[in-house]
Amino acid sequence: MIELTRVAAFCGLSMLAVTGVAQAEEWQLAKDEEGIRVYLSAVEGSKYKAYRGVTTIKSDMATLRALQDDVQGSCLWIHACSGQMLLKHEGTQSWVYTRFEMPWPVTARDSILQVVTVENADGSLTRTMDGKPQYLPEDKDYVRVTSLQGYWSFVPKSAGEIEVTYQAHTEPGGSVPSWLANSFVVDAPFNTLSGLRDKAERR
């Protein structure tokens, strides 16, 4: 088994890459609670919606990076995550394997992401993620996520506050009931951002 190590990355089941934002232009507010806003958008050619979660966290960039770099620990606050491991790290790029729990009778999923971290001149940080389903052979106990793209954005605001955006889209592979797909695109960004905020603000 590949050793779990730190990685400048964070995984989620559903993500939309910065380069793919044009696919999802008509954003509709789906949830606004506890300082977290979740927006949904239809994506051309897909029956699954993209989501965007936005919140402000009272923390600093170093703390948020440390929480995301802790691959094993971050799985505790990523929605539906049951396990993560670093496959490879090379410069600003990482390849990460993640497993996700699904409610019965839906088969559990797994995914492989290539993550690229960019530190911007204004002090903000962007992490883009692109699914690489062929990177490893499929596990018979999991359905491989067939397409996964997304990004995280961390933008410093006032002193001690970071605006965090988590935007995503996926093709989960196999069969997923509409009720689960509809709830997941709201629960995933909301619960993940809530979990990250709780961890960061307790430090």
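A residue is called buried under 20% relative accessible area, exposed over 50% and partly exposed in between (1.4 Å probe, protein chains only). The model is predicted, so local features need pLDDT of at least 70 and side-chain atom pairs pLDDT 80 or more, while totals for chains, interfaces and linings use all residues. Residues are numbered from 1 along each chain as its sequence is written, and side-chain values use heavy atoms, leaving out hydrogens and water.

With these terms in hand, the charged pairs come first. A salt bridge places a side-chain nitrogen of Lys or Arg within 4 Å of a carboxyl oxygen of Asp or Glu, and the whole structure holds 7 of them. In one, Lys140 meets Asp141 at 3.4 Å, N to O. Lys140 counts as exposed because its relative accessibility is 78%, whereas Asp141, at 46%, counts as partly exposed. Another joins Lys132 to Asp130, with the closest N and O atoms 3.2 Å apart. Lys132 is partly exposed at 28% relative accessibility, as is Asp130 at 27%.

The interior comes next. In soluble globular proteins, nonpolar side chains tend to be buried together. A nonpolar core is a set of buried Ala, Val, Leu, Ile, Met, Phe, Trp, Tyr and Cys residues joined through side-chain atoms within 4.5 Å. The largest one here has 41 residues, and Tyr51, Trp152 and Phe154 are among those with the most contacts inside it. Helix H3, residues 178–202, gives the most to this core, with 10 residues; helices are DSSP runs of H or I with at least four residues, numbered from the N terminus. A second, separate core of 5 residues includes Met85 and Trp95.

Key:
Helices (H or I, at least four residues) and strands (E, at least two) are DSSP runs, numbered from the N terminus.
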